[in-house]
Amino acid sequence: MGEMSRSVSIFFNTDRTYLTYIEKQSDGLELLYLNSTDNKIDLAVADSDESISGMAELRAMFEEIGGAFDRVAITLPAESVFVSKIPGGSNLDTKDLKRMVNFEIRQLFPQFNFEDFITTVTPLAPTLDGKSIVLCAIIPNDVLSVATSAIAPLSNHVDSIEISQLSAHTALRYNYPELADKNIVLASIQSQFIDISLSKGGVPAYYNLISFSSIDKIGEVLEKEFEKILAESAESLDGAFFFGNNLNKEILMACWETAMLVGIEAKRLNPFRMMRSSLGRREREYCSRTFQIYPACVGGSLPSYHHRIKLY
């Protein structure tokens with residue numbers, strides 16, 4: 001990878017599919033292009049009318065970009081992946097990890113084998129009581145094959161497959177270098193779920209996927225999570241960032257109020273904060289209005305800061 005390289009990042013979210021095209025230059029990053037489909041690509045139902053329309057829209061975007069890119073990244077939402085936490089630190093060898101993941105798969109899906117999935121493992125920072133845990137993203141092969149066929153002819157350039165919350169960690173680390181050594185909560189608000197995690201001195205330290213039944217329950221659900229993080233993973237918190245396709249003003253207000261109770265500041269996560277762009281005024285206005293939707297997509301196009309082990 002030379003000084004200048006270009007990354008296409010595709011995030012198959014549950015509402016629509018997002019794409020960013022970013023160039024790494026010697027002195028930073030430039031956003032060259034971004035777009036989203038109107039129709040979602042459902043990774044579980046590839047042949048629905050909506051998925052077929054979404055794939056056509058995505059192909060039209062590839063035409064607009066042309067062929068000048070060095071790498072392609074796929075980011076998947078938590079709803080398409082099985083995320084589980086298993087005991088063990090970064091000192092585990094691949095063989096042990098495979099054995100433990102295999103055991104996990106047999107528990108979750110007795111009808112499947114290890115070979116029916118690809119798994120990436122991210123060691124978490126030790127808990128307050130010294131336990132080591134690794135986060136496993138277990139991706140069904142059929143989900144991945146829908147994603148790769150949706151991005152044909154780019155699929156043979158894919159060099160990163162990540163879950164949305166960990167891609168968001170990468171976007172945070174790049175765009176907020178002044179927070180690298182702090183304890184920061186990241187919360188992605190989707191339509192029925194919140195992905196919540198902790199970046200502890202730049203290392204993922206906690207992860208949970210929680211469901212909520214209605215908007216007025218969000219504050220309550222978050223407060224419980226903040227308490228859990230403070231009990232298990234960090235003695236104090238320095239800030240919280242919120243993002244996701246369901247983060248509107250009303251929800252942001254509820255999140256902000258809950259963060260204030262814990263004594264921390266809450267903001268929208270801006271994945272374009274440290275990026276320049278020569279895009280037109282309309283695109284830039286779109287970016288400033290919707291930047292909270294793009295952290296997972298932008299993070300996918302950057303090299304991850306955290307340790308990742310591929311078991312495939």
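**Entry 1: salt bridges**

I take a salt bridge to be a side-chain nitrogen of Lys or Arg within 4 Å of a carboxyl oxygen of Asp or Glu. I also note at the start that this is a predicted model.

With that cut-off in hand I looked up R276, which forms a salt bridge with D27, their closest N and O atoms being 2.8 Å apart. R276 belongs to strand 14 (residues 275-277) and D27 to the loop between strand 2 and strand 3, so this pair ties together parts that are 249 residues apart in sequence. I found R276 to be partly exposed, at 34% relative accessibility, while D27 counts as exposed at 57%.

How many salt bridges does the structure hold? I noted 10, and I followed up two others besides the one above.

In one of them the side chains of R16 and D38 meet, at 3.8 Å from N to O. R16 sits in the loop between strand 1 and strand 2, and D38 in the loop between strand 3 (28-36) and helix 1, so the pair ties together parts that are 22 residues apart in sequence. R16 is partly exposed, with 28% relative accessibility, and D38 is exposed, with 56%.

In the other, the side chains of D159 and R71 meet at 3.1 Å, again from N to O. This pair links distant parts of the chain, since D159 is in strand 8 and R71 in strand 4, 88 residues apart. Is R71 buried or exposed? I found that R71 counts as buried, at 8% relative accessibility, whereas D159, at 39%, counts as partly exposed.

**Entry 2: strand 1 and its partners**

Next I followed strand 1 (residues 5-12), where seven of the eight residues are buried, so the strand is largely enclosed by the rest of the structure. Strand 1 runs antiparallel to strand 2 (residues 17-25), and eight bridges join the two. A hairpin leads from strand 1 to strand 2 through four residues, and I wrote down that F12 has T17 of strand 2 as its bridge partner. Strand 1 also pairs with strand 4 (residues 71-76), this time in parallel and through five bridges; here the bridge partner of S9 is A73.

**Entry 3: the nonpolar cores**

I then asked which members of the largest nonpolar core touch the most other members. The core has 35 residues, and the answer is V8, I10, F12, L19, L58 and L76. At least two residues of this core come from each of strand 1, strand 2, helix 1 (49-65), strand 4, strand 7 (133-140), helix 3 and strand 8. Apart from this core lies another, of 26 residues, which include V185, I189, F226 and I229. I kept one general remark beside this: in soluble globular proteins, nonpolar side chains tend to be buried together.

For L19 I looked up the contacts beyond four places in sequence, and among them are V8, I10, L58, F62 and C297.

I traced an open sheet of four strands in the order 5-7-6-15, with antiparallel pairing. Strand 5 (82-87) and strand 15 (309-310) stand at its edges, each with a single partner strand, so one side of each has no neighbour in the sheet. Strand 6 and strand 7 are joined by seven bridges, and T119 stands opposite I138 of strand 7.

T122 is found in strand 6 (residues 117-123) and counts as buried, with a relative accessibility of 1%. Leaving out residues up to four places away in sequence, T122 touches V134, L135, L166, P204, H306, H307 and R308.

M253 lies in helix 6 (residues 249-262) and is partly exposed, with a relative accessible area of 42%. Together with W256 and M260, M253 makes a nonpolar surface patch of about 290 Å². L252 also lies in helix 6 and is partly exposed at 24%; its contacts beyond four places in sequence are F242, L247 and R268.

Last, I found a cis peptide bond between A152 and P153, with omega about 10 degrees. P153 has its place in the loop between helix 3 (141-150) and strand 8 (158-163).

Terms used. Residues numbered from 1 in each chain as written. Predicted model: local features only at pLDDT ≥ 70, side-chain atom pairs only at ≥ 80, totals over all residues. Heavy atoms only, no water. Buried < 20%, exposed > 50% of the residue type's maximum accessible area, 1.4 Å probe, protein only. Pairing = 2+ DSSP bridges. Core = buried A, V, L, I, M, F, W, Y, C linked by side-chain atoms within 4.5 Å. Contact = heavy atoms within 4.5 Å. Patch = residues over 30% accessible without salt bridge, like charges linked within 9 Å, V, L, I, M, F, W, Y side chains within 5 Å. Areas by Shrake-Rupley, 256 points an atom, 1.4 Å probe, with all protein chains shown as cover.
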